[in-house]
Amino acid sequence: WVLCKGASFAAGNSVFNVEEVNELREKITIHCSKGPMRGKLIDIYASRCPFVFGRAHEADLCIMDRELSRKHGAIVYLPNGGGANSKSRKGGV
């Protein structure tokens, strides 16, 4: 799925919302609105992708939630428009 401003995704008991997409800095900012990290803002830079989230301490974003696997998912950066059928695809989960 494409992560654009206003998009949201769930991971276990957590819900994340994309607050900002800064194409110049190749960065997105997500906000956790529900779950163990509620209220936190997380900046994700293209240079850190794939940005792995899950319960593992070595994950880029460690979320203490038994509903998640150790490496539950990842956010990737797709430069220059990304994949098929996309005109402005910058990040995905």
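Predicted model: local features only at pLDDT ≥ 70, side-chain atom pairs only at ≥ 80, totals over all residues.
Are F9 and F53 buried or exposed? Both F9 and F53 are buried.

Four strands form an open sheet in the order 1-2-3-4, and their pairing is antiparallel. Strand 1 and strand 4 are the edge strands, each pairing on one side only. From one strand to the next, the twist averages 30 degrees. Seven bridges join strand 2 and strand 3, which pair in the antiparallel sense. Across from E20 stands T29, a residue of strand 3.

**The aromatic rings**

How many aromatic pairs does a search of the whole structure find? The search finds two aromatic pairs, listed in this table.

| Pair | Distance between ring centres | Angle between planes | Type |
|---|---|---|---|
| F9 and F16 | 5.3 Å | 20 degrees | stacked |
| F9 and F53 | 6.0 Å | 40 degrees | tilted |

Why is the pair of F9 and F16 called stacked? The planes of F9 and F16 are at 20 degrees, and planes under 30 degrees apart count as stacked. F9 and F16 are both buried.

Together, F9, F16 and F53 make up one aromatic cluster.

In soluble globular proteins, nonpolar side chains tend to be buried together. The largest nonpolar core of this model has 18 residues, and those touching the most other members are F16, I30, I42, L61 and I75. At least two residues of this core come from each of strand 1, strand 2, strand 3 (27-34), strand 4 (41-45) and strand 5. Strand 3 supplies the largest share, three residues.

Which residues does L61 touch, leaving out those up to four places away in sequence? L61 touches F16, M37, I42, F51, V52, F53 and G54. Two of these contacts, F16 and I42, are named with L61 among the core residues that touch the most other members.

N22 is found in strand 2 (residues 14-22). The relative accessible area of N22 is 18%, and buried means under 20%, so N22 is buried. The side chain of N22 reaches the backbone nitrogen of R25 at 2.9 Å.

Methods
Residues numbered from 1 in each chain as written. Heavy atoms only, no water. Buried < 20%, exposed > 50% of the residue type's maximum accessible area, 1.4 Å probe, protein only. Polar contact = N/O pair within 3.5 Å; in protein donor to acceptor, adjacent residues only side chain to side chain. Phe/Tyr/Trp six-rings, centres within 6.5 Å; stacked < 30°, edge-to-face > 60°. Core = buried A, V, L, I, M, F, W, Y, C linked by side-chain atoms within 4.5 Å. Contact = heavy atoms within 4.5 Å. Pairing = 2+ DSSP bridges. Axes fitted to C-alpha atoms, helices over the stretch in contact; angles between N-to-C directions.
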